[in-house]
Amino acid sequence: MNNSINKRFLALFFVTMLAGCGVDGGSDSEPISAPTPETGSSPEPVEEFDPVLMVSEITENVILPQYAAAANATEAFASETGTLSAYCDAIGTADETSAFGLVQDDWRATMSTIQAIEMHAIGPVAENENALRNQILSYSAGKLSTCGIDISAILNEAGNFDVTARSLNQRGFGAIGYALFNSDLTHSCASQVPETQGWNERSEDERRIARCNLARALAEDVASAATEVNDDWQTFGVTFSSEDNVGDSLQLLTDGIFALDKLVKDLKLGVPLGINASCSAVACPEIVESIYSANSFANIRDNLVAFRHLFTGAEGSGFDDYIREEGFSDVSARFLDNTDAAIAIVDSATSTLHEESLSIVSDSQTSACNNAFADPDTPSDFVGCRLTGAVKRITDDLKIDFVTIVGTRIPDSAQADND
């Protein structure tokens, strides 16, 4: 599986040339250097590392348990005896407040399991242009259609509502978050939309019940997709872990963990904060994930923790071992240190990501955000901007050191960067 050392250094040379041409595309970053063997170490592995065993242990110790956890959590959330159904039944009663607190906690815990599988959206979950992935959580495919969700809440009352006929930006666990957490019960549609006529005149309890009953239908849809993915991975995992497929599987794992780049660094952070050029305004707060539940930072923390598990293999062998055995212990340690540093920045947040994005309205605030992005080690009120810079350190290493040492390629979606 391993290339000869001469081939590896030739690969390092070409990657270094690519780095000089700006693989990441960000003019605010220092040039990225390809890895070189640490001083005093042997360029050859101390012992033969088995990538087949690594893929197998990552599958058994990380991927399969995370899909199982998501399936179990979403099924419980959608259950007739779960907190969601209990809250819907309690609306308008003395138990409503306590029931709402329980379903909020349950939603956050379930979302945590979903955010973990977002870091390996490969295999069955990605088939048919990510159909099952987007059925579970559609954020990566675009922002929610809140008007569409409001219309669905009304159509669902007719009794013959088919949630699968609605577009994906009106479904998934994010749509449930809108239906449950949005305290503004006024519909978000234009005044001329026929379905929502008279909605705003209905009582608050009626509108809460309608949204909650829609959340029930959406939850069943999410659980169905999560269960299907989990079942499919039980079979796919055997093929994925086989020796004959180790090269393809290493590439698929690489494709998965690059979600840290395009999904987390860019879509979840860079665009809402105006760092990424895809935001054409000073900032784009409407792009923040989980706005209504204020769960955005928690989502990103879950993504980082899941990335760390994939990188280390949890209780088994992982990419940290692979990279260390190839003679680059410093690179392996840097991945772990930078991931831990990013998690610590998330934990330091005292406001929400949406609030931070909303606060960036002037040149001085943009400058302060950019400074925090460029120097994530220095404390700043712009925690999200610091976090973007901290995650970029990890993804820079993914684009040069990781793919070079492991022998995989950068996914097409991550070839260009606008931050």
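1. Contact, as used in this note, means heavy atoms within 4.5 Å. Leaving aside neighbours within four places in sequence, S296 is in contact with V288, E289, S290 and L353. S296 belongs to helix α11 (residues 296-312); helices (H or I, at least four residues) and strands (E, at least two) are DSSP runs, numbered from the N terminus. The side chain of S296 reaches the backbone oxygen of E289 at 2.2 Å. That is a polar contact, a term for a pair of N or O atoms within 3.5 Å; within protein, one must be able to donate a hydrogen and the other to accept it, and residues adjacent in sequence count only if both atoms are side-chain atoms. S296 counts as buried, at 5% relative accessibility; buried means under 20% relative accessible area, exposed over 50%, and partly exposed in between (1.4 Å probe, protein chains only).

2. On the basis of the note: this is a predicted model, in which local features need pLDDT of at least 70 and side-chain atom pairs count only at pLDDT 80 or more, while totals for chains, interfaces and linings use all residues. Residues are numbered from 1 along each chain as its sequence is written, and side-chain values use heavy atoms, with hydrogens and water left out.

3. A nonpolar core is a set of buried Ala, Val, Leu, Ile, Met, Phe, Trp, Tyr and Cys residues joined through side-chain atoms within 4.5 Å. The largest one here has 109 residues, and those with the most contacts inside it are I176, L180, L304, F319, L387 and F402. Helix α8 (residues 204-240) gives the most to this core, namely 12 residues. Not counting residues up to four places away in sequence, L180 touches F77, L84, Y87, F100, V103, W107, C212 and A215. In soluble globular proteins, nonpolar side chains tend to be buried together.

4. The link of C88 and C212 is left-handed, with -90° about the S-S bond. C88 is buried at 6% relative accessibility, and C212 is buried at 1%.

5. A further disulfide is formed by C147 and C189, whose sulfur atoms are 2.0 Å apart. C147 lies in helix α6 (residues 146-155) and C189 in the loop between α7 (172-181) and α8, so the pair ties together parts that are 42 residues apart in sequence. The torsion about its S-S bond is about 105°, so the disulfide of C147 and C189 is right-handed. C147 is partly exposed, at 21% relative accessible area, whereas C189 is buried at 10%.

6. C279 and C284 are likewise joined by a disulfide, at 2.1 Å from S to S. Both C279 and C284 are buried, and their link is right-handed, with 95° about the S-S bond. Counting bonded cysteines along the chain, the disulfides follow the pattern 1-4, 2-3, 5-6, 7-8.

7. Which residues of helix α5 (residues 127-136) are buried? They are L132, R133, N134, Q135 and I136. What covers them includes α4 (96-117), α7, α8 and α10 (259-270).

8. T59 is found in helix α2 (residues 51-78) and is buried, at 0% relative accessibility. Not counting residues up to four places away in sequence, T59 touches L64, P65, W233, G237, F240 and S241. The side chain of T59 reaches the backbone oxygen of V55 at 2.7 Å.

9. The structure holds 15 aromatic pairs. Rings of Phe, Tyr and Trp (its six-membered ring) pair if their centres lie within 6.5 Å; planes under 30 degrees apart count as stacked, over 60 as edge-to-face and the rest as tilted. The rings of Y67 and W233 have centres 5.5 Å apart and planes at 25°, so this pair is stacked. Y67 lies in helix α2 and W233 in helix α8, so the pair ties together parts that are 166 residues apart in sequence. W107 and F181 form an edge-to-face pair, 5.0 Å centre to centre with 65° between the planes. Ring pairs link F77, Y87, F100, W107, F173 and F181 into a cluster.

Note on methods. A disulfide is a pair of cysteine sulfur atoms within 2.5 Å.
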